[in-house]
Amino acid sequence: MRHVTITIDKQSVVVPENYTILQAAEKLGIHIPRLCYDPNLEIVASCRLCLVEIEGNPKLQTSCSMLVSDGMVVYTETKKVVDARKVILQLLLDNHPNDCLTCQKAGECLLQTYAYRYDVRFREHDGAYKEKYIDTTSPYILKDDSKCIVCGKCVRTCEQVSDRKVLTLANRGFDTRVVADANLTLEESSCVSCNRCVTVCPVGALLDKRTLGKSRIWDVNTTEFRCKVCEYGCDFEVLSRKDKNISVRAKAPSNGRPLCLKGRLTAEFLNIDEPETPYRKEKDKFVESSWKEALGLSDILEKMQKLDK
Ligand code: SF4
Ligand code: SF4
Ligand code: SF4
């Protein structure tokens with residue numbers, strides 16, 4: 001692979017020619033703000049927060065999609081760039097619920113992080129607010145459309161779950177929202193509760209329901225737990241406070257695997273002292289389950305009992 005030299009914020013770096021500006025900046029330790037970019041997902045360059053200025057180019061360019069070229073000179077925080085980012089953030093915050101005080105995502109929310117970084121406030125201008133629609137039907141996911149910034153990451157990651165494609169973006173413009181199947185609730189939909197969409201949502205629009213109200217992120221320690229249910233080994237996170245494990249949440253799928261519910265429930269069962277009741281789906285309904293059913297152990301235990309007789 002041919003390599004090129006590029007200068008970003010007056011620092012030079014040599015990178016492969018198929019790198020984007022955003023990837024080259026990361027090599028220099030420069031974080032360019034982004035909401036819709038994820039290195040594991042298709043690049044759509046829709047949030048436009050990663051705009052940068054390129055010497056000799058009158059228009060700002062999205063750094064997540066623009067490839068590097070030899071001799072390119074890039075600036076990531078000029079006044080023009082910062083002004084553009086402020087406008088984008090203001091448009092998002094003008095119709096966003098002012099809910100950071102109690103939002104479970106606070107402390108990890110990218111919108112909150114960038115609003116603070118660029119000193120952009122909630123609802124500086126009057127206008128329409130997003131309709132409040134909260135889907136509480138899943139015992140594993142809370143979906144709050146009023147906080148959705150339509151980055152599409154959940155849709156793109158759900159597409160990677162084999163045979164699923166549960167989520168899509170419906171409607172247009174201001175009314176665009178994420179829907180499950182043909183606008184069904186998560187319970188009625190074909191969602192398999194892998195929580196993969198929750199792991200990529202940059203804001204509090206998709207939350208792990210089993211972690212709600214248990215802790216604020218700045219109060220907990222997190223340790224990684226690698227699932228051993230199958231040979232792929234997806235990553236989960238165990239959240240603990242005062243030496244007590246209080247919840248588990250999905251972190252990252254392993255290559256080719258979706259982060260399945262069985263793996264997550266096994267991680268909860270092994271790590272949490274008093275795990276919450278598990279639920280499984282029967283047709284279009286979530287029903288309470290026993291742990292041996294949820295972990296798929298019923299057959300094994302039955303056979304063991306027969307062998308013990
Ligand atoms: S999603 Fe982020 S910005 Fe919105 S209320 Fe929650 S923490 Fe605040
Ligand atoms: S939990 Fe999994 S299957 Fe359900 S919507 Fe999210 S990514 Fe898709
Ligand atoms: S629910 Fe979250 S990940 Fe999905 S489009 Fe909205 S903000 Fe993005």
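This is a predicted model: local features need pLDDT of at least 70, side-chain atom pairs count only at pLDDT 80 or more; totals for chains, interfaces and linings use all residues.
I started with Ser 289, which sits in the loop between strand β15 (285-288) and helix α7 (291-294). Helices here are DSSP runs of H or I with at least four residues, strands are E runs of at least two, and both are numbered from the N terminus.

Residues are numbered from 1 along each chain as its sequence is written, chains are lettered from A and ligands numbered from 1 in the order in which they are written, and side-chain values use heavy atoms, with hydrogens and water left out.

Is Ser 289 buried or exposed? I'd call Ser 289 buried because its relative accessibility is 10% (buried is under 20% relative accessible area, exposed over 50%, partly exposed in between; 1.4 Å probe, protein chains only).

Next I looked up its neighbours. Leaving out residues up to four places away in sequence, Ser 289 touches Thr 277, Pro 278, Tyr 279, Arg 280 and Ala 294 (contact means heavy atoms within 4.5 Å).

Then I moved to the hairpin. Strands β12 (residues 235-241) and β13 (residues 244-252) run antiparallel, joined by 7 bridges; pairing takes at least two bridges found by DSSP. Asp 235 faces Ala 252 of β13. The hairpin leaves 2 residues between its strands, and Lys 242 in the turn has a positive phi of about 50 degrees.

Last, the ligands. Around ligand 1 I found residues including His 96, Cys 100, Cys 103 and Cys 109, and around ligand 2, among them, Cys 158, Cys 191, Cys 194 and Cys 197 (near means a heavy atom within 4 Å).
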